[in-house]
Amino acid sequence: MLHLDRFAPEDSGTMAQMVDSAMATVRAVGRGESPSTLRLYRPKPTVAFGRRDELNPRFTQARAAAVNHGFEPLVRTVGGHAAAYHQGCLVVDHFQRDADAVSGNHDRYGRFGRMFVEVFESLGVMAGVGELPGEYCPGEYSVWGQLPDGSRVKLVGTAQRVVAGAWWFSAGIVVTGPEPLRAVSQDVYRALGMPLDPATVGALSDIEPLIALEDIEDAVLEAYEKAGFYVR
């Protein structure tokens, strides 16, 4: 069974605070001090940089670009390159007790990627798993959605962290408000000297304008139940 922590927008801390809390949670789960947990929240405007970005000689300029757009810079412990989020996004953090957390590392990316594709397809959005040319924070398990003109936008980036006795799988879903994410991502990647096709920065609302964050939250919980996780 998964314990559910569903944060209202006003109750979410900064993304840095939520990441610190996540690390404390996964360690507590691994020690058997906390139950396996599913946490849903809407992040405040943040550009989450990776460790490799921090080592980039142009990181200072990239950090300033994020701040100029009103996004808090964060260097995260999981994931690859820079990814922007705001309160039009939904972060799904899954903390799972697992005595053999390391061996399932690769399988989890594929399994959860397919689950999020099913979430979107249940709402009428054509979706798939795979890296898009020129996408932000590129990865083979990115989840994309198809626009009416046949082009594709990245909708979900995933990352995970394994500790003794547990794993933490995190997914950031872009639901609404793609314009500020596109603008900050373009300036951040330009500052880093890294390629980015801004057309790949999108949101579910580009495909289905009537989709709301609450719809995605409910669909995610239904998908977890269908996958055999009892969430309460």
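**Strand pairing in a predicted model**

Good morning. Strand E3 (residues 46–49) is joined to strand E4 by 4 bridges, and the two run parallel. Within this pair, Phe 49 stands opposite Val 75 of E4. Two strands are taken to pair if DSSP finds at least two bridges between them. Helices (H or I, at least four residues) and strands (E, at least two) are DSSP runs, numbered from the N terminus.

A word on the basis: this is a predicted model, in which local features need pLDDT of at least 70, side-chain atom pairs count only at pLDDT 80 or more, and totals for chains, interfaces and linings use all residues. Residues are numbered from 1 along each chain as its sequence is written, and side-chain values use heavy atoms, with hydrogens and water left out.

E3 belongs to an open sheet of 3 strands, ordered E4-E3-E5, with mixed pairing. From one strand to the next, the twist averages 25°. Axes are lines fitted to C-alpha atoms, for helices over the stretch in contact, and angles run from 0 to 180 degrees between N-to-C directions.

Next, strand E7 (residues 127–129) and strand E8 (residues 143–146) pair in the antiparallel sense over 3 bridges; Val 143 in E8 is the bridge partner of Val 129. E8 is also joined, by 4 bridges, to strand E9 (residues 152–163), and these two run antiparallel. Here Trp 144 stands opposite Lys 154 in E9. E8 and E9 form a hairpin with 5 residues between them, and Gly 150 in the turn has a positive phi of about 95°.
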